[in-house]
Each structure stands twice: as structure tokens, then as C-alpha cells.
Amino acid sequence: MDANEDYIWPRATSELMLLPVTGLECVGDRLLAGEGADVLVYSLDFAGHLQMMKRVQNLLGHYLIHGFRVRPEPKGDTDSEAMVGVFGSKGLRVVKVSWGQGRFRELWRSDLWNMTDWIWDAHWLEGNMALALGHNSVVLYDPVGGSSLQEVCCTDRSTLSSACLIGDTWKELTVVAGAISNQLLVWYPASASADKPVDPDRRVSGHMGVIFSMSYLPSKGLLATASEDRSVRIWKVGDLRVPGGRVQNIGHCFGHSARVWQVKLLENYLVSAGEDCVCLVWSHVGEILQAFRGHQGRGIRAIAAHEKQSWVITGGDDSGIRLWHLMGRGYPGSGVSALCFKSRSRPGALKAVTLAGSWRLLAVTDTGTLYLYDLEVKCWEQLLEDKRFRSYCLLEAAPGPEGFGLCAMANGEGHVKVVPINTPTAAIDLSLFHGKVHSLSWALRGYEELLLLASGPAGVVACLEISAAPSGKAIFVKERCRYLLPPSKQRWLTCSTFLPPGDFLVCGDRRGSVLLFPSRPDLLKDLDIGFGIGTLIESSGSGGDEETSLQCGPVSTLPSLHGKQGVTSVTCHSGYIYTTGRDGSYYQLFERDGQLHPVLRQKTCRGLNWVAGLRMMADGSVVILGFHANEFVVWSPRSHEKLHIVSCGGGHRSWAFSDTEAAMAFAYLKDGDVMLYRALGGLTRPHVILRESLHGREITCVKRVGSITLGPEYGVSGFLEPELQEPGNEGPGLIDIVVTCSEDTTICVLAFPTATGSAHALTAVSNHISSVRALAVWGVSTPEPQPGLTARVVSAGGRAEMHCFSITVTPDPCTPSRLSCHVMHLSSHRLDEYWDLQRNRHRMVKVDPETRYMSLAVCELDRPGHGPLVAAACSDGAVRLFVLQDSGRRLQLLAETFHHKRCVLKVHSFTHEAPNQRRRLFLCSAATDGSLAFWDLTNVLDHGSTALEPPADTGLPYRLGTPCLTLQAHGCGVNSLHTLPTQEGHLVASGSEDGSLHVFVLAMEVPELEEAVGGAELVPQLHVLEEYSVPCAHAAHVMGVKILSPSLMVSASIDQRLTFWRLGQGKPTFMNSTVYHVPDVADMDCWPVSPEFGHRCVLGGQGLEVYNWYD
């Protein structure tokens, strides 16, 4: 290798981007999506099959793609080949592509044409392209010759915020420009003479803000505009190619709650999207017809439409791409209808309603009469009348397909009636208690076992076993046992289900506790496990006889898991237990040795404080049912979308929900009638997620966890189908696991296969109440013999909140990524936890500020039996040390220091090992004043250690001693920090807000034996051997630095440059730099993958990008 080749090596290449989608265009049955400078090509099969055909990388250089323009063909055939103009920012490139027979090929591309002004629109004119530029001028461009043919300016050279070009030839070309003066300027470039500017033909006013987008519909002479003033206006303009026409505002549409970015006119609809992450479908008279919600973050940046298929495609700042169906081809059979119960033949007022499947509805009145409504026959039928159930009556239908034809009624005198719906005369009456029956709950185990749990006075629950006669015309009811709930004010069950294989019942009560009961009385004797309070108690029967019955207490209890409002549902799926409650959250639990253990707590969407239930879909996703104010909502955590919304008045009235693959139904009482909402097709919605979103806000930290190697039997999948992958990229192979956190309060676990260049979101955790700014990983291990990965992750951010999780990634052939990820919440800590326990705190002043954790570092000690330390850089000027014990299940604050006296931005830990010496553990911290401080934490937990000083007051943490070395490395804040051990000592690199880099060699000096006093331990001293600075290494904040080897370092900055530096020859020297497309990068992580694949680098900011290079 010659000197020149050595100078430019290594060269980083972009492997994957997850950035805001800024351009979309439908071309026949293809979809073009612009992401950064890359183009994604999707095949939109009309049969419903969707797949990504190709990712064309770096098509527009360092420009962001804003739009596509397909050259019109004489026969209108673009199914096999198309000439596409791609533009964005100040760049333009024309490519000719072939995508027939499901294969993508690039036949030809022009050179990248760099303009001196912003390109707002591009339009094909007889083989050439007209470009509308940012200061109200038009350029005619020859894409084959790569030259400008003509340029015409308008006399009004104001800055534009949008433009639209109309016409088929240069002579009829019309420019509609959105000026910064909030006006529309209409002018005609062909009217220019002798290179003189052209006067505007018309000026149109109306908007109160900048116009961001416009769309023209020639067939109806309509123009639509979207503005900063949150409105969409519809103008009647006629044929704009004819000068002097009249402009009339026929629609002023307000529906968005923020700025409107995009608008598109269709033959029958108008589609708009904006900063509020909502895509609205309007009629041409300004009526809202549909609202598509699901994107998260800062808005929807691009929209496209396929009128033949009635599709709308949206691309958001969250890097997600979604396909929606317009009305007429969308979601059929949905709506609320009244079932007209009020009639002279049906006296009394309705008391309760329930659903037996999705086709039959049951209702009971205050006269004790039970009615059936068949949705196919559409008529009411009286089943029975029992006056004992007049004043107070509970009604519950059995679960399963069409409710197994059973329902149960209970009253305030301890009576329970089990009614076969088809043969109500065969109903069975039972007298279970001497008092009120508080609740009824069914538990079904396949088609083998059906139980009815009735909660009576004093926390006694009667367990009834229901079976059917061989003829099917009669049922048998037998009391199996009785359970006793723990003491509480509201002492009754609210839900129950069988825990597979069926030995236990998992129940929720009104107190908010989750309980585990044996399903059979003899289980306590059969299973040799410790059950705590699960004992058998003899008591006299309460059903009117003198027999004694056994009351069994719970074998395991999670008290008040869901707060004081109670548990609303319990579901078992894939070995886990899922519970929901009226505290706005849902829990994931598991059972081991007869004990319940919480795994993870998840929050729902904002405002959904009453979570009523949870459903597991066929693809493994979760759907949440609940009440948002006065609306019943079906919400998808995966798509962040409200799938169904029913304005029912709230959940305090009687209601029932049922869903099957064919339909979902929600019934409730309102105005003395039964209201029914039905939607054919079940809970799902007819939209397709072409690409899932990553984070709704900026990524603040990225950390690599480890890697997994899957064998050929798993067949790792990516974006591309196997036959469409590039040669040599066929999976399976190595998969990197990366954890990201964001300002949207979530933590994502991602999988990056090295072979396919794709990304898969494995799971998301949303336990934080504020933004998550820092991550740390420790305890990474690989279980044997199956491939997999386990690790502990510590996350921290706003509100001085810290959480510790355990993640386990295992192979799963049923998922698209061929991996599944299970997250277990281990512990948490908040500095102001004491404040939540204070009484009358509304009368007190909170002294502690809202501290933010800026950075985390794990310090692993060499003492057996002790967990690691977690160092946190805090915005209040402190460096805090936490200790993790019991494998992360206990997180306690150990010590703190306010040495820096200003915001601490970074912490980093490293170890020093030398022959015949104790392993030393050091911590480095950096603050906003550019100073670095080093602490020796080797003996911080030793008895009698001087590293910690006693606290000033009782109850406060220890004080960390003075640092062993301080260094003024920069003149302002240090945003990046890294170390690497070398033969001379440790190589330390830091990057600052002023764009500078500081590199120095840190040496350890061991005192001589005669310097030790009284046999004290010889403590190494730190000193600087060499020190170098690069003042203008970057043009903006250096947010990431990594020392790859003693001779190579890489840095990343907000100036969007990934730069390599040569070390070891004095001052770091520049090698080469690569432009990346992630705006406002916040963090970087690099690691070696393999000799064949080289290194990988992940950059996180307003999006995510993956680079790789070879050593």
C-alpha cells in the first residue's frame, strides 16, 4: 500500500439509515420513498403483498431527497421502465430504472447537478426538466447533457417557501409560488423577453402564515394550499395556464392542531398532513371524512396517493412509512347503532348488558327480566323473568365462541342463576351466600374446564364448576371450593383466568392486587412447594346448610399492583401473565414455583387512565382496550394508533366487549337503550405498516449490547426477499443487538443483521416519566447451548429517574427478525422518592431541583459477591455513585460529590492492570467548563476506605473524596469521552462543544516501597505523559469520539462529519472524513464485528445511521 492509499484508509460507507421520510411518490404499483439521500423502492402488490425491492444508496450525495418526478410516457406505461427525476435541497439527479418482473435494475443515471439555490419543485417538459428555485426563478435543465438551457426570474425575488409548476410545454409553463409574504404569486416564464424578469400575473392573499405546500387539480380547476397558520385552503382557479383568470377561495379548512406540511388534491378527496402527526382526508367542500393517526414525533413530512387503489401513503419524522385506505375501499361495517329496546312489551329500565360472542347480546332490566338480541335476526327475545333479580342484578356471559351459550346472574341476597341461553328453562339456581354477591367472573381452560367465580361477603369467593350433559340440553353446576381474599375495604374479585396448564387461577381484585389460587382443593397436597398464606380454613357453609367448606387463601399475592382502582383484566399468553388496571398501565408477570413475579410495567397512551383489557393478536402484538375520558378506545402500542374510538360517555356505566376474527363488538347503555358499535374484520385496521417507526423524538444515546449468530435453520430475514438480495449477502449470519433511548421516554432494542443491511425493532420499553438521556450495559452473557444473549441495561434521564432492566434475546422463527426479546424490570430509583411519600406536600416547597442524568458509566469491581457501581453525571453539578446488588434487583445511592460545581456532561470508567499489582478502577468525569476529573474507585467499598467521607447529615449519601487528578482539557463543555489502555498507560480522548479534540496519554506511577507508611497499600498516582489538542477538528459540537486502536481514532460531530484521525505520531493528524445524514447527532458507538465485516458504527440523533469500514 502506497502512502496515498494509506492516507485515505479506512473509508466508512453507509450501510443503513433510519431517518425522517421526506419524499414519497407512487409510480404504478411501485412506491418511491426518500430517506436522507437514499431511495427505498417498494412493490405494492394489489393482492395485498408488500415487499421492499431495493435500497438505492447515496443517490443525492449529501442532500436530502424532497421529491420525485416521473417522466410521462407516451403510452402511460411505467410498469417496466421509468425515467425519474430525484431532487432535494440544492441537488438534482435523473435515473432510468427497470423494475419489471419483480426485479429492480438501474439502467442509467445522470451526474448530480448542484444548484446555487433551493429546489422547490421539478416538472418534466418534453424530455427536459423545469426547476422552481428558492428565490422565484425557473431553470430549464437538460438531464442528458447536464446543462442549463434557460433561466427566467420573476420581478418579485422574495424568498419562497413552496412552489408548483404546471404545464406540458415551456410555452404554457405556469409557476405558482408561495412567497414569504404569505401570498401566492402566479407568473409565466415564457412571457419573458430579452432576459428581463417577468412580472407576477396574479397575487393571491388569504393565509396568515407561510405556505408550505400546494397541489393543483387540472380536471376541476382547484388549487389547495397548506400553511403555517394550521389551515388548508381550497381555491377555485380554473385553468392556470391561461393568464388573467379569476381566483376564488371556496374552502377554509381547520382541522390540524399544528402547522400543515403537505397537501395533495385527488379527484374526490383532499389529503393533508402536518406537524400534529395526523393525516386528514377532506371533501372538496372542506368536510373532514377520515383522520389517520399513528405516526409519532414531530410530524408527517411526505404523502403520496394511489387513486386507483384508494391508497394514501404517509412518511413521518419517526422514519415510519404507512399505507392507509380511503373511504369506499376501507373499513366496512363500523358504526354505532341503537337497538331500540324501549317498547310497551318490554317494561322496566335496563340495568346491565353483556355480549355472548359478537352476534348475541344479553340485557337485564329492573323487573328481573333477561332479554336476548340476535344481531342476525335483529329482534329482542325474552328468555326468563325472576323477580328476585329486580333491584340489584349482575350479568356476565361465559367466554369463548358465542359465550358457550351460558350466562350467569347474581343478586343482592346471595343467589346465583346459571342460564343456558338456548334453553333458559334449564337454568340452575344456587344460594351461595347470606349477603350481596359483589362480582361474577368466568374462567375457561380450552374446551375442557369452565369455572364461575362468585364473590360474596367478607372476601369469600365460591368456585363453581360448570359441565354439560351429553345431550347438550342440560347443565350441571357443582361447587368445587371456596377462596378467601386478603382483607381490604373493597374485598371482591374483578377478573380471573386459568394459568396454563391449569393448576392455578390468576385473579385480580378491586383492591388492585393480583392473586394466585390453586384451581383444585387437592393441589396444595399434590404439589410440594411453599405456598405462604395458601392454607385451607374450615368454616360453616353460607348456603343455608350446616356443612363445612374449605376456604383456600392465595398462594401468591402482589398487593396493590394496580393501585386503589382495581385490576380490570388478566390474560395468559406464551408463558407470561398480562394484567391491566385503572391506573393507566399494564404489567407483564410470570409464575415460578407457585409465586408471581413482576417482569415489566408499561404505560399506555396519554390520557388512557382506565385500561379495561388487553388482547394478543396473531402476529404477537398487543392491543389495549380502555377509556379515554368519555370515549372507549382500542389502542395499538405497536403502531401508536387508536384503532377504534367510540363516544360512549365513559366506563362507569354498564358495557361489554367481544371480539372474534370476523368482527368486534362494543355494547353499552345510554339514554335507556342499548347502543352497539360493530366493526367487521375484528380489532385490526385496514392499514399496512411498510416500515415501523423507531422513535418519535431525537435519539439521545446508542449502546451496543452484543451479537448473536444464528444458524441456517433460522433463515434471517431482512428488507429484501432472498431472491432479491445482492450476491454474498444471503442470510443467515451475525446479528448485532443495539439499545437506543430517546426524548420520547422510550427505550428500543434493535437487531442489525450484518448480511441483509436491515433493522428490526425487537421491543420497546416505556417506563420513564421523562426523556431518557443515558444508557449503560453490563453483565452481557451468552446462554448455552442455544444461541442467545442476556444483559443488564441501566437507563437514566429526566426527573432524576433511573431504571435497571434485564433483556434476553433468543431465536424465534415465528417473528420477522427471527428473534424475540424479553425485558424484565429489576429495580428503579428517583432522587425525590421521599417527596411522593410526604403528606400535605401541596403546602410545601420542593427543595431539590429537577435533576437530569446526562451520562452513565458502569464500574465493575473485582470483589466477589458485590455488584457493580453505576456512576451518573448530573445536571445539578454532582457525580453520583449507585450500587447495584442482587443482580440488579436493588439500586441504591452510595455517594456523591459536587467537585465540578456545574453541570456534569460525561462520565467514563476504565481499569488499569499491571503485573503484581491490584487491578485499579478509575472514573473520569467531564463538565461544562471543559475540565476533567479522575477518581480512584478501587477500594471504595472496602472497610475503612478513605475514598468515601462520612455524610454531613444523617440520611444523606457518603461524600466522594477529592479526585486524584484534574485537567483543564477544553474551554467549554465536554460532550464525548473515551479511553484505551496502551503499553505506556492509557490513551484518553475528549471532544468539546467548540469542535476541538484533546488527546493525552495518562500514566500510572507506583510509589516506591519505602514511601508507604505503616504498611499502607501502595496507591498508583496519575500523571500526564503527552498532551495534544486539535482546536478546529470539527465545525460544531463533537458528540462522539472513539479510540479504535493506539494508531486510529474516529470522531463524530453535529457538522455531520465522521472523521478518522491517525494517532501515535505526535499531534493527531487528519486521515479522511465521511458525510453522514443524521441531523443533530447526539451519540456514537463503534465496535469490531469480524475480520470479514470490519468495524461497525451507529450514529444517533434525529434518526439513526449505521456505517461500516474495514481495517
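**Strands, cores and salt bridges in a predicted chain**

Lys96 is partly exposed, at a relative accessible area of 29%; on this scale buried means under 20%, exposed over 50% and partly exposed in between, with a 1.4 Å probe and protein chains only. The structure is a predicted model, in which local features need pLDDT of at least 70 and side-chain atom pairs count only at pLDDT 80 or more, while totals for chains, interfaces and linings use all residues. Residues are numbered from 1 along each chain as its sequence is written, and side-chain values use heavy atoms, with hydrogens and water left out.

**Overall make-up**

- The protein chain contains three helices and 89 strands; these are DSSP runs numbered from the N terminus, with helices (H or I) of at least four residues and strands (E) of at least two.
- Of the 1111 residues in the protein chain, 58% are buried.
- The accessible surface is about 45,800 Å², and carbon and sulfur atoms hold 49% of it; areas follow the Shrake-Rupley method with a 1.4 Å probe, and for residues only the protein chains shown count as cover.
- Among contacts (heavy atoms within 4.5 Å) with a separation of 6 or more, 51% join residues 24 or more positions apart.

**Nonpolar cores**

- The largest nonpolar core has 38 residues, and Ile624, Ile737, Ile747, Leu762, Ile807, Val809 and Leu819 have the most contacts inside it. Such a core is a set of buried Ala, Val, Leu, Ile, Met, Phe, Trp, Tyr and Cys residues joined through side-chain atoms within 4.5 Å.
- Strand β62 (residues 734-742) contributes the most to this core, with four residues.
- Beyond its neighbours within four places in sequence, Val809 touches Ile708, Ile737, Leu762, Gly788, Leu789, Leu819, Ser820 and Cys821.
- A separate core of 25 residues includes Leu861, Leu869, Val879 and Leu960.

**Salt bridges**

- The whole structure holds 39 salt bridges, each being a side-chain nitrogen of Lys or Arg within 4 Å of a carboxyl oxygen of Asp or Glu.
- Arg69 and Asp121 form one through their side chains, at 2.7 Å from N to O. This pair links distant parts of the chain, with Arg69 in strand β6 (residues 67-70) and Asp121 in strand β11 (residues 119-125), 52 residues apart.
- Arg69 is partly exposed at 26% relative accessible area, whereas Asp121 is buried at 6%.
- Glu81 and Lys96 form a salt bridge at 3.8 Å, N to O. Glu81 belongs to strand β7 (residues 81-88) and Lys96 to strand β8 (residues 91-98), so the pair ties together parts 15 residues apart in sequence.
- Glu81 is partly exposed, with a relative accessible area of 35%.
- Asp201 and Arg202 meet in a salt bridge at 2.9 Å, N to O; Asp201 is partly exposed at 33%, and Arg202 is buried at 9%.
- A network of salt bridges links Arg445, Glu448, Glu449, Glu465 and Arg480.

**A buried charge without a salt bridge**

- Asp673 lies in strand β59 (residues 673-680).
- Asp673 is buried but has no salt bridge, and the nearest side chain of opposite charge, Lys342, is 6.6 Å away. Lys and Arg count as positive and Asp and Glu as negative, while His and the chain ends are not counted.
- Leaving aside neighbours within four places in sequence, the contacts of Asp673 are Ala338, Leu339, Cys340, Phe341, Lys342, Leu350 and Tyr668.

- Residues 204-237 are 0% helix and 59% strand, with the end C-alpha atoms 11 Å apart.
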